[in-house]
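Subject: Structure for you to look over

Dear colleague,

I am passing on the structure we spoke of, and I would be glad if you could look through it with the notes below at hand.

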Amino acid sequence: MIRKIVKHGDPVLRKKCPPVNVITAEIRKLVKDMLETLYDAPGIGLAANQIGVSLSLAVIDLQLNQKRAPIVLINPQVVETKGELFEEEGCLSIPGLLARTKRYSFAKVFALNENGLPMTYQGEGLLARALQHETDHLNGKFYIDRLPLFRRLKIQGEIRKRKKTNLWG
Ligand code: NI
């Protein structure tokens, strides 16, 4: 089932998501819905709080060469980072806007998959950015929080304008 993606301004996106304690059938259904929602949207990652569910759970699929390769992150923890990357980033909860964002160029994450198995995901570039972006969401953070003050104020002004003109949905 495709779920509605909540937008910047909804308090659920600012709350730190509590961990998933038991991986029930309900959690597996949530994962399935999140992947369906992600594939229906112009994005490569989705956190549970972006569909209004405050739980430490996110999905990523880089969909390289149009091939599906879903990554399910339950209770993810970033355990290693290095390097630096400065690339354009967007977010399904801040539609229509992009900004060059500073990130680590490498990230390693421990998480459980939907079967409760411990997994390690690591990578550079796009995968590193997606891992950082989604774990940020679960901590109540947006990529725009990482922008330098002037650019952050500019994009926040742009968001306010869009909220007024009903482009926010
Ligand atoms: Ni996002």
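This is a predicted model: local features need pLDDT of at least 70, side-chain atom pairs count only at pLDDT 80 or more; totals for chains, interfaces and linings use all residues.

**Overall fold**

The secondary structure of the protein comprises 3 helices and 7 strands, and read from the N terminus the elements follow the order α-β-β-β-β-β-β-β-α-α. The radius of gyration is 15 Å, close to the 15 Å that the globule rule gives for 169 residues, so the protein is as compact as a globular protein of that length. Along the principal axes, the C-alpha trace covers about 45 × 35 × 30 Å. Among contacts with a separation of 6 or more, 64% are between residues 24 or more positions apart.

**Helix H2 and the nickel site**

Helix H2 covers residues 125-138, and its 14 residues reach 20 Å from the first C-alpha to the last, which is close to the 20 Å expected at 1.5 Å a residue. Because 12 of the 14 residues of H2 are buried, this helix is largely enclosed by the rest of the structure; the buried residues include Leu-127, Leu-131, His-133 and His-137. Just after H2, Gly-140 adopts a positive phi of about 80 degrees.

Which residues coordinate the nickel ion? The ligands are Cys-91 through SG, His-133 through NE2 and His-137 through NE2, at 2.0 to 2.3 Å, and along the chain these donors follow the spacing C-x41-H-x3-H. His-133 and His-137 both belong to helix H2, where they are 4 residues apart, or about one turn of the helix. An α-helix has 3.6 residues a turn, so residues three or four places apart point the same way.

The coordinating residues can also be described by their accessibility, for which the cut-off for buried is under 20% relative accessible area. His-133 counts as buried because its relative accessibility is 7%, and His-137, at 1%, counts as buried as well. Cys-91 likewise counts as buried, with a relative accessibility of 9%.

Asp-136 also sits in helix H2, and with a relative accessible area of 7% this residue is buried. Leaving out residues up to four places away in sequence, Asp-136 touches Arg-103, Lys-141 and Arg-146.

**Cysteines**

A search of the whole structure finds 0 disulfides. Cys-17 is accordingly in no disulfide, and the nearest cysteine sulfur, that of Cys-91, is 13 Å away. Cys-17 has a relative accessibility of 6% and therefore counts as buried.

Although Ile-44 and Leu-62 are 18 residues apart along the chain, their C-alpha atoms are separated by 5.2 Å. If neighbours within four places in sequence are set aside, the contacts of Ile-44 include Leu-38, Val-59, Leu-62 and Gln-63, and also Leu-126 and Ala-130. Ala-130 is among the buried residues of H2.

Gln-63, one of the contacts of Ile-44, lies in the loop between strand S2 (57-60) and strand S3 (71-82). At 27% relative accessibility, Gln-63 counts as partly exposed. Gln-66 is placed in the loop between S2 and S3 too, but at 77% relative accessibility Gln-66 counts as exposed.

Most residues other than glycine have a negative phi, and most peptide bonds are trans. Against that background, Gln-63 has a positive phi of about 50 degrees although it is not a glycine, and the phi of Gln-66 is near 60 degrees, again a positive value in a residue other than glycine.

With kind regards

Terms used: Residues are numbered from 1 along each chain as its sequence is written. Side-chain values use heavy atoms; hydrogens and water are left out. Helices (H or I, at least four residues) and strands (E, at least two) are DSSP runs, numbered from the N terminus. The expected span of a helix is 1.5 Å times one less than its number of residues. Buried means under 20% relative accessible area, exposed over 50%, partly exposed in between (1.4 Å probe, protein chains only). Donors are N, O and S atoms within 2.8 Å of the metal (3.2 Å for Na, K and Ca); water is not among the atoms, so sites may look incomplete. The radius of gyration is taken over C-alpha atoms; the globule rule is 2.2 Å times the number of residues to the power 0.38. Contact means heavy atoms within 4.5 Å. A disulfide is a pair of cysteine sulfur atoms within 2.5 Å.
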